[in-house]
Amino acid sequence: MSTRAAIEERLRAALEARGQLISAHDLSPARPPTGSTWGTRRIRRVLSIAVAATAAAAAAAVLLLSSHTPDHPRPAPPARHSSPTLAPSPTVPHPVPSAVPSGP
């Protein structure tokens with residue numbers, strides 16, 4: 001076990017020496033990323049447009065499919081009330097004079 005303790009002591013001393021080399025100036029914040037990035041607003045906007053388009057398509061599909069089902073026929077229009085009328089009486093045809101002259 002003495003070899004483990006010796007190795008551990010050497011590692012601790014090496015890490016301590018490396019730690020002494022770092023100053024506060026070396027610990028500066030990282031630079032922000034460059035280039036075009038997708039912001040949270042843009043992602044939310046694209047997602048909300050996609051959700052709205054999907055909902056509109058689903059609503060249109062439901063309306064189109066539900067109007068043509070045989071289980072739910074379209075209701076008949078209401079009956080019209082009409083006033084009673086008298087049927088025309090049958091007329092007897094009158095003899096039409098002939099165009100042929102009769103007698104000499």
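These legends accompany close-up views of a predicted model.

**View 1. Overall fold of the predicted protein.** The secondary structure consists of two helices and zero strands. The protein has 104 residues, and buried residues account for 0% of them.

**View 2. Helix α1, residues 2–21.** The helix has 20 residues. From its first C-alpha to its last, α1 reaches 29 Å. That span is close to the 28 Å expected at 1.5 Å a residue. Zero of the 20 residues in α1 are buried, so the helix lies largely in the open.

**View 3. The salt bridge between R12 and E8.** A search of the whole structure finds one salt bridge. It joins the side chains of R12 and E8, at 3.0 Å from N to O. Why can such side chains pair? Opposite charges can pair when the charged atoms come close. Both residues belong to helix α1. R12 and E8 are four residues apart there, so about one helical turn separates them.

**View 4. Accessibility of the paired residues R12 and E8.** Is R12 buried or exposed? R12 counts as exposed, because its relative accessibility is 52% and the cut-off for exposed is over 50%. E8 has a relative accessibility of 42% and counts as partly exposed.

**View 5. A nonpolar surface patch.** Which residues make this patch? W38, I43, V46 and L47 form it, and the patch covers about 410 Å².

**View 6. I43, one of the patch residues.** I43 sits in helix α2, which spans residues 40–67. The relative accessibility of I43 is 39%, so this residue counts as partly exposed.

Definitions and conventions. Residues numbered from 1 in each chain as written. Predicted model: local features only at pLDDT ≥ 70, side-chain atom pairs only at ≥ 80, totals over all residues. Heavy atoms only, no water. Salt bridge = Lys/Arg side-chain N within 4 Å of Asp/Glu carboxyl O. Buried < 20%, exposed > 50% of the residue type's maximum accessible area, 1.4 Å probe, protein only. Patch = residues over 30% accessible without salt bridge, like charges linked within 9 Å, V, L, I, M, F, W, Y side chains within 5 Å. Areas by Shrake-Rupley, 256 points an atom, 1.4 Å probe, with all protein chains shown as cover. Expected span 1.5 Å × (residues − 1).
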